[in-house]
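I opened my notebook to write down what I looked up. The sequence and the structure come next.

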Amino acid sequence: MSAPNDRPIPRQPAGFADSFAADVTARRRMIDTITSVYARFGFEPLDTPAMEYLDVLGKYLPEADQPDLGVFALRDDDEQWLAMRYDLTAPLSRVVAQYGNDLPKPYRRFQVGPVWRREKPGPGRFRQFTQCDFDTVGSASPAADAEACAVLAAALGELGIRPGEFEIRVNDRKVLNGILERAGVSDDPAARMTVLRAIDKLDRLGLEGVRELLGKGRKDPSGDFTRGADLAPDQIAAVIAFLGATGSDRAATCDVFRSLVGTSAVGAEGVEELERIDALLDAMGLGSDVVKFDPGLVRGLAYYTGPVFEAVLTVETVDDAGRKVSFGSVAGGGRYDDLVERFTGDKVPATGASIGVDRLLAALRLLGRVESSDADAPVVVTVMDAPRLAEYQKMTSELREAGIRAEMYLGSGGFRAQMKYADKRRAPIAVIAGGDEFARGEVTIKDMRLGAALAKDIADREEWRKGQPAQRAVPRDQLVPAILEMLGR
């Protein structure tokens with residue numbers, strides 16, 4: 001697509017977004033906070049390529065010439081298909097299979113990076129987004145699952161999300177399978193996934209909506225019809241009973257689960273796993289108010305084999321238009337004991353979770369919990385006398401040597417343009433020195449933020465001239481100490 005003069009039109013692909021300084025800085029701070037928690041729990045960093053072989057990612061080639069639409073793919077020089085990674089877990093399973101003999105067992109790693117999904121973009125739904133994962137591979141212990149809940153709770157706490165504003169929800173796929181087994185639901189994987197997808201819509205559709213999807217199907221307000229799981233009435237009743245199976249705390253919920261799975265061996269195994277996780281969470285001081293067992297939690301991916309967990313923000317706020325905003329899930333994961341088996345033929349137990357950085361950052365912004373990026377803005381040294389450029393450069397260098405972020409104005413504008421530039425850069429301080437200041441051996445330092453605040457309450461120019469507490473002249477050799485003092489204030 002080009003303009004009439006054949007120049008390209010500046011535009012970004014649908015589903016992709018540009019990030020400017022404030023967002024980049026806030027995202028970096030958030031990631032640093034999260035990964036410091038991961039490191040504190042003993043996880044070590046890993047980085048993998050943005051591209052993997054398509055078969056490594058677990059995607060398949062249909063009869064057509066192109067891979068399925070879930071990934072961005074291309075054919076390499078050797079005619080093999082390469083694809084952009086769609087998550088960070090599939091590359092991890094490849095790393096464990098490839099380097100297993102050289103890695104510690106269990107292998108505990110964290111990774112942060114962009115992933116790409118070839119899906120239809122929409123509001124808040126991007127084709128590129130950042131994941132922040134941690135995983136323990138090679139441990140079947142429920143302590144690894146309990147620890148995953150503790151990591152998520154610690155990370156959210158470090159980000160300033162207070163107790164009562166979030167909860168970690170936990171369920172177990174084995175308990176779900178036990179309920180379905182006792183209800184006589186077919187053990188066909190496709191049939192069971194239809195049921196699980198219906199349960200997964202509980203928060204959005206409510207019990208009645210799920211009931212419809214477990215039966216013949218559901219028509220939404222737009223008229224679109226979603227085919228249901230076609231369960232019998234008694235089967236539907238068994239699933240609905242499970243979805244309401246909560247007790248006063250985790251232990252009580254496990255008691256209800258045990259009564260519902262009955263004689264199902266796999267169901268009983270799932271309940272036992274949750275009971276052990278409950279004891280471990282208690283040992284870490286994480287009560288039912290922080291981590292709760294939730295029968296409605298399914299998680300969408302089919303490869304989960306045991307406990308699944310999800311971090312949900314329960315606090316609400318309003319957006320700029322005054323509309324109520326509920327944030328919902330900001331992180332999730334679970335146990336996936338079959339993923340590495342695709343490469344090795346042997347089961348390798350694994351569990352982990354991923355924090356959705358962009359979604360969580362958007363939530364924190366609406367809550368007013370994102371620090372201003374002004375702290376990273378530079379002091380701007382203005383250039384009022386071009387022949388003295390070397391003097392301005394020397395000032396700038398002195399500030400940098402003192403550990404102060406600083407830049408010299410490199411444009412061609414006069415005083416007004418330079419002040420506008422400093423304001424746009426959100427500079428905390430502007431350094432001003434013209435011929436008169438140089439003659440007196442002084443420089444003027446202007447507190448840009450205080451000046452902006454004072455300007456709101458000043459009625460006229462004469463009032464402004466009478467006093468300028470936002471700026472002052474200091475001896476040239478006191479430039480650095482004066483700016484350090486002003487920044488500290």
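Is the crossing of helix 12 and helix 17 right-handed or left-handed? I looked, and the crossing is right-handed. The term needs its rule: a crossing is left-handed if the near helix is turned anticlockwise from the far one by less than a right angle, and right-handed if clockwise.

**Ground rules.** This is a predicted model: local features need pLDDT of at least 70, side-chain atom pairs count only at pLDDT 80 or more, and totals for chains, interfaces and linings use all residues. Residues are numbered from 1 along each chain as its sequence is written, and side-chain values use heavy atoms, with hydrogens and water left out. Helices (H or I, at least four residues) and strands (E, at least two) are DSSP runs, numbered from the N terminus.

**Helix 12 and helix 17.** Two packed helices are described by the angle between their axes and the distance between the axes. I noted both for helix 12 (residues 389-401) and helix 17 (residues 479-488): the angle is about 55°, and the axes are 10 Å apart. Axes are lines fitted to C-alpha atoms, for helices over the stretch in contact, and angles run from 0 to 180 degrees between N-to-C directions. That angle makes helix 12 oblique to helix 17. For the label, angles under 35 degrees count as roughly parallel, over 145 as roughly antiparallel, 65 to 115 as roughly perpendicular and the rest as oblique.

Next I listed the contact (heavy atoms within 4.5 Å). Helix 12 brings Met-395, Glu-398 and Leu-399, and helix 17 brings Leu-479, Val-480 and Ile-483. I sorted these residues into five nonpolar, no polar and one charged. The classes are: Ala, Val, Leu, Ile, Met, Phe, Trp, Tyr, Cys and Pro nonpolar; Asp, Glu, Lys and Arg charged; the others, Gly among them, polar.

I traced an open sheet of eight strands with mixed pairing, in the order 1-5-6-13-12-11-7-10. Its edge strands are strand 1 (44-45) and strand 10 (291-293), and each pairs on one side only. Two strands pair if DSSP finds at least two bridges between them. Strand 11 (residues 307-318) and strand 12 (residues 324-335) run antiparallel and share nine bridges. I found Leu-313 opposite Gly-328 of strand 12. Helix 1 (residues 21-40) lies across strands 5, 6 and 13, at about 5° to strand 6.

**Loops.** Lys-105 and Pro-106 are joined by a cis peptide bond, with omega about -5°. Pro-106 sits in the loop between helix 2 (89-99) and strand 5.

Which phi did I find at Glu-79? Its phi is positive, about 70°, although Glu-79 is not a glycine. Glu-79 is in the loop between strand 3 (73-75) and strand 4 (81-84). Glu-79 counts as exposed because its relative accessibility is 51%. Buried means under 20% relative accessible area, exposed over 50%, partly exposed in between (1.4 Å probe, protein chains only).

Arg-426 is not a glycine, and its phi is positive too, about 55°. I placed Arg-426 in the loop between helix 13 (415-424) and strand 16 (429-432). At 47% relative accessibility, Arg-426 counts as partly exposed. Pro-378 is 48 residues from Arg-426 in sequence, yet 7.9 Å away in space, C-alpha to C-alpha.
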